[in-house]
Structure formats: structure tokens, C-alpha cells
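Student: I would like to go through this protein with you, from its overall layout down to single residues. Could we begin once the sequence and structure are shown?

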Amino acid sequence: MLNLKLPSYFDTEKIFFGFVDTINPNAGINESQIVPKVVILEKTSKAKNAKFKPVKNYEYHNINKIIPLASYMKDKEIGWFISSNKVEKLVERTGLKEAKVLDTDKHEKVLKKAA
């Protein structure tokens with residue numbers, strides 16, 4: 001049987017880009033240790049003081065700015081839902097790389113908690 005991976009879909013109204021700072025421990029003397037990257041955030045409610053939570057477990061230091069995902073879309077691309085593949089293409093449009101996604105393997109979580 002062929003296993004097909006279907007793309008997940010997100011509500012365009014609830015998805016935002018978070019511009020974050022990540023740390024580069026391997027930076028040289030003349031290089032910056034802070035590297036700007038992008039994370040994908042989801043708005044938890046419609047209230048004014050709504051919180052944003054990352055869609056994946058990212059490795060980042062702090063969030064500098066939050067911008068709606070739709071601001072990077074062309075008018076004809078905007079719809080109710082957006083696929084994860086399209087989100088990846090929109091990340092490329094920002095000119096920054098996506099922050100490193102932490103491995104969420106259950107076995108690894110157990111080892112981290114024990115250490």
C-alpha cells in the first residue's frame with residue numbers, strides 16, 4: 001500500500017510569522033552570534049490580548065516582531081485556508097530561514113527530562 005503524506009492546512013486568519021533571534025554558537029570573531037530567523041505562529045483566540053503559540057517546537061531566543069502571514073501573499077493567493085507547502089514558500093519570500101525545529105521524539109524527551 002502506498003502511503004501518501006497529505007499537506008496539513010491552516011486557517012489563514014490565525015497564522016502569523018514571528019521574526020526571532022537565534023543564537024549561533026559556532027560564530028567566528030567577526031561574525032554576529034545572533035541570527036535572525038522566522039517561526040510560524042498560531043493565534044489562540046480573537047481577543048485583543050490573544051497569545052501566539054508556535055506551530056512546531058522551535059529553537060529561538062526571543063520574538064522581535066509578529067506579522068500576519070497574509071501580508072506576504074499576493075491578492076489572488078489569499079483564501080480561507082493555506083497548505084503547509086504554501087507556508088514554506090511564503091517563508092522563502094521573507095528572505096530568512098525558518099528557525100531550527102526541535103525533535104519531538106518521545107524517547108528523546110524522556111532522556112532530556114532524566115538528565
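**Layout, pairing and two residues**

Tutor: In strand 3, Phe19 has Val38 as its bridge partner. This is a predicted model, in which local features need pLDDT of at least 70 and side-chain atom pairs count only at pLDDT 80 or more, while totals for chains, interfaces and linings use all residues. Residues are numbered from 1 along each chain as its sequence is written, and side-chain values use heavy atoms, with hydrogens and water left out.

Student: Which pattern does the protein follow when read along the sequence?

Tutor: Helices (H or I, at least four residues) and strands (E, at least two) are DSSP runs, numbered from the N terminus. The protein has 2 helices and 6 strands. Read along the sequence, they give the pattern β-β-β-β-β-β-α-α.

Student: How many bridges join strand 2 to strand 3?

Tutor: Two strands pair if DSSP finds at least two bridges between them. Strand 2 covers residues 15–23, and strand 3, residues 34–43, runs antiparallel to strand 2. The number of bridges joining strand 2 to strand 3 is 9.

Student: Which residue of strand 5 stands opposite Val20?

Tutor: Strand 2 also pairs with strand 5 (residues 62–68), in the antiparallel sense and over 6 bridges. In strand 5, the residue opposite Val20 is Ile63.

Student: Is Thr22 buried or exposed?

Tutor: Thr22 is found in strand 2, a strand that is mostly covered, with 8 of its 9 residues buried. Buried means under 20% relative accessible area, exposed over 50%, and partly exposed in between, with a 1.4 Å probe and protein chains only. Leaving aside neighbours within four places in sequence, Thr22 is in contact (heavy atoms within 4.5 Å) with residues including Gln33, Glu59, Tyr60 and Ala99. Because its relative accessible area is 7%, Thr22 is buried.

Student: What separation do the C-alpha atoms of Lys56 and Leu102 have?

Tutor: Lys56 lies in the loop between strand 4 (52–54) and strand 5, and is partly exposed because its relative accessible area is 34%. Leaving aside neighbours within four places in sequence, Lys56 is in contact with Glu98 and Val101. Although Lys56 and Leu102 are 46 residues apart along the chain, their C-alpha atoms are separated by 8.0 Å.

Student: What percentage of the contacts in the protein with a separation of 6 or more do residues 24 or more positions apart account for?

Tutor: Of the 115 residues of the protein, 24% count as buried. Among contacts with a separation of 6 or more, the share from residues 24 or more positions apart is 61%.
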